[in-house]
Amino acid sequence: MGLGQKGAGDALKVARKYHTEAQGGAWPTGLAIEAEFFVARAERTSGGTPKDFQTKLRDVSTKAQSGNVMVANRANVQLANSLREAKDLEGARKIYEDLANKAGVDPSSRAGAFLGLGQLTMDAAAASDKDAFKKALLLFLRVHLETTEAWPSLHAEALYYAILAADKWRGTDYQHIMARCRGELYGEYKESDWAQRAKSGR
């Protein structure tokens, strides 16, 4: 979440309040499940362990399949991200591929899946494997071109990684692709952390 220690604590308080109200106020089941998802994310940001986070996300995903499919998809993206960070690469890939290929997935969840697959591909590539970097580049571009209604933060992240992938690929027109991606990132998403990171060469 990038909130800092105080911000993470505040987010956790808000998420728990939402969850309590959802449970005790006869709210629709889907909203109660969404509240559980917010609590799980806030607890992880506040210092919870990856293993506990993954267990809670699996529980949310199972509950949400019948009550709030969008939350199930978004929980699965977070689960795959956590598995990737924990080096369970095949477990993460399976979830990403399911979300990328399944019909009816909301744009932000599909964008998260394309991003995850692109990052997996880049991380596994040898420096000389130009085909792998091209594949990663195309996955990042799919976020921007195919999931136009996804969250702006995901578009900014995808453009940032597309620039990195194009630079490692160095195939036909790679400089033009990098320039176009930079133009979009610095123009449409200039206030994002990803634009600042790109400008500082990180």
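**Entry 1: helix 5 and helix 6.** I started with this pair, whose axes come within 8 Å and cross at roughly 140°. Helix 5 and helix 6 are therefore oblique to each other. I also looked up the handedness, and helix 5 passes helix 6 in a left-handed crossing. Next I listed who makes the contact. From helix 5 I wrote down Leu-89, Ala-92, Arg-93, Tyr-96, Glu-97, Leu-99, Ala-100 and Asn-101. Helix 6 brings Arg-110, Gly-112, Ala-113, Phe-114, Gly-116, Leu-117 and Leu-120. Sorted by type, the residues of this contact between helix 5 and helix 6 come to nine nonpolar, three polar and three charged. A reminder to myself: this is a predicted model.

**Entry 2: stepping back.** I wanted the overall picture before going on. How many helices and strands does the protein chain have? I found ten helices and zero strands. Read along the sequence, the pattern is α-α-α-α-α-α-α-α-α-α. The chain has 202 residues, and 46% of them count as buried. I then checked contacts in the chain between residues at least 6 apart in sequence, and 51% of these join residues at least 24 apart.

**Entry 3: helix 4 and helix 5.** Back to helix 5, this time with helix 4 as its partner. Their axes come within 8 Å and cross at roughly 155°. That makes helix 4 roughly antiparallel to helix 5, since an angle over 145 degrees counts that way. The crossing of helix 4 and helix 5 is left-handed. On the helix 4 side, the contact is made by Asn-73, Asn-76, Val-77, Leu-79, Ala-80, Asn-81, Leu-83 and Arg-84. On the helix 5 side I noted Leu-89, Gly-91, Ala-92, Ile-95, Tyr-96 and Leu-99. The residues of the contact of helix 4 with helix 5 split into nine nonpolar, four polar and one charged.

**Entry 4: salt bridges.** Side chains of opposite charge can pair when their charged atoms come close. I looked for such pairs here, and the count comes to eight salt bridges.

I took Asp-106 and Arg-74 to begin with: they form a salt bridge, with the closest N and O atoms 3.2 Å apart. Asp-106 lies in the loop between helix 5 (89–101) and helix 6 (107–124), while Arg-74 is in helix 4 (residues 69–85), so the pair ties together parts that are 32 residues apart in sequence. Are these two partners buried or exposed? Asp-106 has 7% relative accessibility and counts as buried. Arg-74, at 22%, counts as partly exposed.

Then I checked Lys-102 and Asp-98, whose side chains meet in a salt bridge at 3.7 Å, N to O. Lys-102 is partly exposed at 32% relative accessibility, and Asp-98 is partly exposed at 41%.

Another pair in my notes is Asp-167 with Arg-170, where the salt bridge is 2.8 Å, N to O. Asp-167 counts as partly exposed, with 31% relative accessibility. I also found a network: Glu-36, Asp-59 and Lys-63 are joined by salt bridges that share partners.

**Entry 5: Gln-54.** I picked Gln-54, which lies in helix 3 (residues 50–67). Its relative accessibility is 11%, so Gln-54 counts as buried, the limit being under 20%. What does Gln-54 contact, leaving aside neighbours within four places in sequence? I found Leu-79, Ser-82, Leu-83 and Ala-86.

**Entry 6: Tyr-161.** Tyr-161 sits in helix 8 (residues 152–169). Tyr-161 is buried, with a relative accessible area of 18%. Not counting residues up to four places away in sequence, Tyr-161 touches Leu-115, Gln-119, Met-122, Phe-140 and Trp-194. I also looked up Ala-198: Tyr-161 and Ala-198 are 37 residues apart in sequence and 9.3 Å apart in space, C-alpha to C-alpha.

**Entry 7: Ala-42.** My last stop was Ala-42, in helix 2 (residues 29–45). Ala-42 has a relative accessible area of 1% and is buried. From Ala-42 to Phe-53 I noted eleven residues in sequence and 9.8 Å in space, C-alpha to C-alpha.

Terms used:
Residues are numbered from 1 along each chain as its sequence is written. This is a predicted model: local features need pLDDT of at least 70, side-chain atom pairs count only at pLDDT 80 or more; totals for chains, interfaces and linings use all residues. Side-chain values use heavy atoms; hydrogens and water are left out. A salt bridge is a side-chain nitrogen of Lys or Arg within 4 Å of a carboxyl oxygen of Asp or Glu. Helices (H or I, at least four residues) and strands (E, at least two) are DSSP runs, numbered from the N terminus. Buried means under 20% relative accessible area, exposed over 50%, partly exposed in between (1.4 Å probe, protein chains only). Axes are lines fitted to C-alpha atoms, for helices over the stretch in contact, and angles run from 0 to 180 degrees between N-to-C directions. Angles under 35 degrees count as roughly parallel, over 145 as roughly antiparallel, 65 to 115 as roughly perpendicular and the rest as oblique. A crossing is left-handed if the near helix is turned anticlockwise from the far one by less than a right angle, and right-handed if clockwise. Contact means heavy atoms within 4.5 Å. Ala, Val, Leu, Ile, Met, Phe, Trp, Tyr, Cys and Pro count as nonpolar, Asp, Glu, Lys and Arg as charged, and the others, Gly among them, as polar.
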